[in-house]
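User: I'm new to this one. Can you show it to me and then take my questions about the labels?

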Amino acid sequence: MIWPRRCVVCGKILDVDECHLCAECLADMPLTYFWSWRNNPAERILWGRTYLENVVSLFFYSRDNDYKELLHAVKYGGDMQLGRWLGSILGRYMRDIPALMPDFIVPVPLHWRRKWKRGYNQAEVIAGGLAEALGGLRVETGLLRRTGYSKSQTRMQTGNKWENVSGSFSLSSEADVDKLRGAHVMLVDDVLTTGATVEACWDVLSLVPDVRVSYASIAFVQHPV
């Protein structure tokens, strides 16, 4: 049997020239435009907690919006092709803005146990598509490591999320400090909610002299004003 390809968002059967999303859903994607928006909402939730160069996300995430299915398919459905494709879309929006061009990309690591259970790290998949769209940048998967096996943060409150990941990351070896010194690093993950994970990564990277850090994610959970 030949199974028809369907739009991840609406379920419509895709045309031959459509990829992952139908033309209508692709055109209606709730883009953030953070790549051209200084002091955007994603940057503001991290003020006073980190000193990031830039914070960008591709689209706004909401539980009431069917575009949440994109993240679910990548993170829990094993759709790595979709993750790479979404990363490449974000990269195409970023690539003409010099300030958003890092020296290399660092996916937020999973604990080895969770990666073994899932079979992959969705942040690495997204980073691969982003790096390719930005001209073939290096993706450094060995610089950061996750030392603590934290619980899923999906339904946690803000304070609990911070406690869940605080101290969970470290540099993988002393040799990595020389690679990071003076570099512009782009952290990549699937979704930005409270910023707890970003802050925990920043706490480690900020110890390296002259390092500059930016952050990119596929989705951003919009917070009430």
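Analyst: Let's talk about aromatic rings and how they get their labels. This is a predicted model, where local features need pLDDT of at least 70, side-chain atom pairs count only at pLDDT 80 or more, and totals for chains, interfaces and linings use all residues. Residues are numbered from 1 along each chain as its sequence is written, and side-chain values use heavy atoms, with hydrogens and water left out.

User: Why is the pair Phe 34 and Phe 60 called edge-to-face?

Analyst: Rings of Phe, Tyr and Trp (its six-membered ring) pair if their centres lie within 6.5 Å; planes under 30 degrees apart count as stacked, over 60 as edge-to-face and the rest as tilted. Here the centres are 5.7 Å apart and the planes sit at 90°, so the pair is edge-to-face.

User: What makes this pair a link between distant parts of the chain?

Analyst: Phe 34 is in the loop between α1 (23–27) and α2 (41–44), while Phe 60 is in strand β1 (residues 55–61), 26 residues apart. Helices (H or I, at least four residues) and strands (E, at least two) are DSSP runs, numbered from the N terminus.

User: How do you know that Phe 34 counts as buried?

Analyst: Buried means under 20% relative accessible area, exposed over 50%, partly exposed in between (1.4 Å probe, protein chains only). Phe 34 has 2% relative accessibility, so it counts as buried.
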